[in-house]
Amino acid sequence: MAETLIHPSDPGNLGWAVVFMEYPATLCPDEDMERHRDFRARDTSKTIELKENTIIVVLGASGDLAKKKTFPALYGLQRNRFLPRDIRIVGYARTKMDHEEYLKRVKSHIKTPSKEMEEQLEEFCKLCSYVSGQYDEDDSFKALNKHLEELENGRKQQNRVFYMALPPSVFITVSQHIKRNCYPKNGISRIVVEKPFGKDLGSSRELQKALEPDWKEEEIFRIDHYLGKEMVKNILILRFGNEFFGATWNRNHIDNVQISFKEPFGTEGRGGYFDEFGIVRDVMQNHLLQILTLLAMERPISFSPEDVRDEKVRVLRGIPNIEPKNVIIGQYGKSLDRSKPGYKEDDTVPKDSRCPTFCAMVAYIKNERWDGVPFILKAGKALNEQKTEIRIQFKDVTSGIFKDIPRNELVIRVQPNESVYIKMNSKLPGLSMQTVSTELDLTYRRRFSDLKIPEAYESLILDALKGDHSNFVRDDELDASWRIFSPLLHYLDSSTDIVPMEYPYGSRGPAVLDDFTSSYGYKFSDPTGYQWGSNPNPDATNKL
Ligand code: BG6
């Protein structure tokens, strides 16, 4: 059966009747309010679709991100005919190389398992060209501009999307040079920027200030690639498109929420970058917090980018700063079989590094819906498996007729093996009245077996071309998210007596982890009983 790429649908078409309920934002420092008001004065809701005559300039084209993510995503979009007609893709980087060498790099991470895909890749390569130049010299950017003009061939309207696949150290200077030398006089210009957007609230504001004179908010697309993931995009539909979730989605029915990110590999090759940031800045302040925000926000008036982002900012403003007493940090050591190296064995990492490669923390939201419900965020490198998952644990059912009956739990598996399942209790078929834990299971690869889930970057690049900001981070949203984490980050950076707990490479994390999550109310299913997708173990059922 032919594979179809699920096209990100236009949520505006869904046309659901909505009731807008306003909850008080209990935590909104005046300064944040001011920034918020400032923002509303600007109009970022313009969604001009770039249909033709567009050039995408990939800055940092010889780097890892471009090779692993940007080019494969552009190829995927081109192959499925989602890119504008007459598109051109121009790479720019410092490395001097000829066209052949450049194409070799472009192709290096694109898989073409069939003859048809090989041919499509050759077609894609015909759209690509390369300019080498410095990141801090006007002459280099003038040469880039000349190349762009040649491609535009004297046409009146020049639409340019600048994709910054660049390290933060050159980000500002490049954006300034683009503005001076390559900003189209007549046409649409967009700049797509990758994290890290700063290291804390102060540096993020500085970055923002440096961008402001040159780029309007409506021209900036800050990527958090988790917002392009299918299951993350599904959160709003699951929540607001299903009445039974809507009714129970609050502190009266939900006991705790857990969002975990696990990777089975260490910082291999990225130790230098990682040590400066650590796991909190690398994935928690952005990817996990974005998931939390979508889970916790109120229903937006519409699915327009600004209505959605207004609600996201509102919920972020209701989260008090993370308190160190609600945090554990860890750093991986050698694997138990000694075959995998510890974090500090990476040559690019200082031998006395206190950088956390694991963190579990708890956030609270001070509003009427969530007050008192712990949101447990958990992220780690070099763990036992790859998994990003959301677990929403409902409260226990009233005791009385049941003895030790497990809780309902809604699990949203973001990756791998995208799925949504609800752990629920049912009668064990047979003559007795025994209960058994089982699940309502929506596993994508079974239910949607003929559909291909788009890569996050495919979905986001397409959104940037469409001018749709819904899945990009707004400036006040970024500000609000750094505010929540900055005091903790400063505390961890400056307190030399705080040393991360060591955990073996390939383990589940620091030994105290389960006690930590249990202390916030998370209840584990009996591992001998319930297992997602497996037949019930009759010995582990509950008798009435
Ligand atoms: C990046 C982090 O933002 O996300 C990496 O910098 C992490 O450290 C990556 O590995 C995870 O992305 P994904 O899409 O593989 O889950």
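Colleague: Happy to start at the ligand: how far does a polar side-chain atom of E263 lie from an oxygen atom of the ligand?

Modeller: Bear in mind that this is a predicted model. E263 is one of the residues that surround the ligand. From an oxygen atom of the ligand to a polar side-chain atom of E263, the distance is 2.5 Å.

Colleague: Thanks! And how much of the ligand's accessible area does the protein cover?

Modeller: On its own, the ligand has 400 Å² of accessible area. Of this area, the protein covers 81%.

Colleague: Which side chain has an N or O atom 2.4 Å from an oxygen atom of the ligand?

Modeller: The residues around the ligand include K195, H225, Y226, K229 and D282. For D282, the distance from a side-chain N or O atom to a ligand oxygen is 2.5 Å. The side chain with the 2.4 Å distance is that of Y226.

Colleague: How many residues of the shell around the ligand are charged?

Modeller: The shell includes F261, R270, H287, K381 and Q415. By class, two of the shell residues are nonpolar and three are polar. The number of charged ones is six.

Colleague: Let's move on to α7. Why are its buried residues on the same side of the helix, and what arc do they cover?

Modeller: Helix α7 spans residues 201-211, and its buried residues are L201, S204, L207, Q208 and L211. These residues are on the same side of α7 because the arc they cover around the axis is only 125°.

Colleague: Which exposed residues does the face turned away from that buried side carry?

Modeller: First, the buried side: its cover includes α6 (168-182), β7 (220-223) and α14 (475-494). On the face of α7 turned away from the buried side, the exposed residues are E206 and K209.

Colleague: Is T443 buried or exposed?

Modeller: T443 belongs to strand β15, residues 435-443. Leaving aside residues up to four places away in sequence, T443 touches N417, E418, S419 and W532. The cut-off for a buried residue is under 20% relative accessible area. With a value of 4%, T443 therefore counts as buried.

Note on methods: Residues numbered from 1 in each chain as written. Predicted model: local features only at pLDDT ≥ 70, side-chain atom pairs only at ≥ 80, totals over all residues. Heavy atoms only, no water. Near = heavy atom within 4 Å. Polar contact = N/O pair within 3.5 Å; in protein donor to acceptor, adjacent residues only side chain to side chain. Areas by Shrake-Rupley, 256 points an atom, 1.4 Å probe, with all protein chains shown as cover. Nonpolar A, V, L, I, M, F, W, Y, C, P; charged D, E, K, R; others polar. Buried < 20%, exposed > 50% of the residue type's maximum accessible area, 1.4 Å probe, protein only. Helix = DSSP H or I, 4+ residues; strand = E, 2+ residues; numbered from the N terminus. Arc of directions from axis to C-beta. Contact = heavy atoms within 4.5 Å.
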